[in-house]
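I opened a new structure today and kept notes as I went. These are my entries.

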Amino acid sequence: MVECSNTLEFRPPPLYPFYVAGVPPLKIIKRDDDLIMSLTSFLNKKDVREKFREEYPKPRFDIKKEILCPPLNSRLRIGWNIF
Amino acid sequence: MVGTSFDYLLRFYIKYLNTKAITKQWVAEGSLKLLELVLEVNELLEKRKPLKNLTFVNKELVVEKLFKMLKLIEKRYTIKNHKQKIKFIKKHYQKAINIISNAKKNYFLFLKNGQINDNLIKSTLLLAKLDPIYRASHITKSYNIDGKDIEDLNNLISLVNPDFFKANEICLLNPIFNRASILVGGADADLVIDDKLIDIKTTKKLQMNRNYFNQLIGYYTLYRIGGIDGMPPQNEIKKLGIYFSRYGYLHLYKVEDIINENRFIKFLEWFKERARQEFWKSKKLEPPSSK
């Protein structure tokens, strides 16, 4: 089991127009339910992908089936960067 | 968008099939909460008040998300004036309240009568439009719904074989992996049905690419590190699978067929250490220690 309680010092970037200089940095315990979802970004790291490839050979996937519910909308998917 | 909407719709349906299913807060609800919090933080900063009196726990993360949101609004919608940006957030906050409120009504009505109608489907499309706020601090500009998407979702849900998703005992919707979710900066799975952990893919192609396969192994690894929130410890995940919604096909792997338990223990140690490096050192935090 992993102990993950931790703290993060927050120092605001200069872009915020109303930031008050002198406000002490915050030190707050991070909680899991507040964090962004980022397993995907981890799995996309080059060395992580390589490790997975080395450890877990992907079984053949020979399933051939007819698509029963083809997409009705042909517009391009709009992506957003979560990281 | 249809993919995320279908995730919601299928989970609603699974909840209908399994009344005792454990459901987590919707991601869209997390988005609404986040909008509320960033507006609260902004108000204090505008009034030049310190944030220390705020009641919620993770202030610094909310501030980070506020800044990211402001940057994205400027970048994507070319709104440069700060007050206009905040006005934009407030408008979408009100919109999010209405979306969640209507979605709850439609959801509870569905759980009562089991009728999937256009209103329920529209709600899932709107909830999916809110998800990127929580996941990426990105606010969508338009809440327009395309009639073809409603039809598409209707077709997809009609294709579902209820037998795939009826649980004997355990049914968890959108579960997280307890403390292990933190290790990788956060992770949630789509479904757990008894001994099966299932991911939903609404894709045109029926294929098991490396990314999908790695995602399943990744979930299994997190489960082995931290367990699954809401799952009794005696319940073991023995199968990993993907439901290909456009094919009505559930592909399952037996864990024992794809994971060598003798090598897995060593792999777990590698995974934990690598994740610590990635997520904790990069944020200039002390890496979490193993018990």
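My notes on chain B follow.

**Ground rules.** I am reading a predicted model, where local features need pLDDT of at least 70, side-chain atom pairs count only at pLDDT 80 or more, and totals for chains, interfaces and linings use all residues. Residues are numbered from 1 along each chain as its sequence is written, and chains are lettered from A in the order in which they are written.

**Whole chain.** I looked up the secondary structure of chain B and found 11 helices and 6 strands. Helices (H or I, at least four residues) and strands (E, at least two) are DSSP runs, numbered from the N terminus. The C-alpha trace of chain B spans about 60 × 50 × 35 Å along its principal axes. I then checked burial: 44% of the 291 residues of chain B count as buried. Buried means 20 or more other C-beta atoms within 10 Å, exposed 12 or fewer, and partly exposed in between, with C-beta atoms placed from the backbone.

**A helix pair.** I picked α1 (residues 2-17) and α5 (residues 118-136) of chain B. They pack at about 125 degrees, with axes 8 Å apart. That makes α1(B) oblique to α5(B); angles under 35 degrees are roughly parallel, over 145 roughly antiparallel, 65 to 115 roughly perpendicular, and the rest oblique. Axes are lines fitted to C-alpha atoms, for helices over the stretch in contact, and angles run from 0 to 180 degrees between N-to-C directions.

**A loop residue.** I found B:Asn161 in the loop between α6 (147-158) and α7 (162-165) of chain B. B:Asn161 is exposed, with 11 other C-beta atoms within 10 Å. Its C-alpha atom is 9.5 Å from that of B:Leu250, 89 residues apart along the chain.
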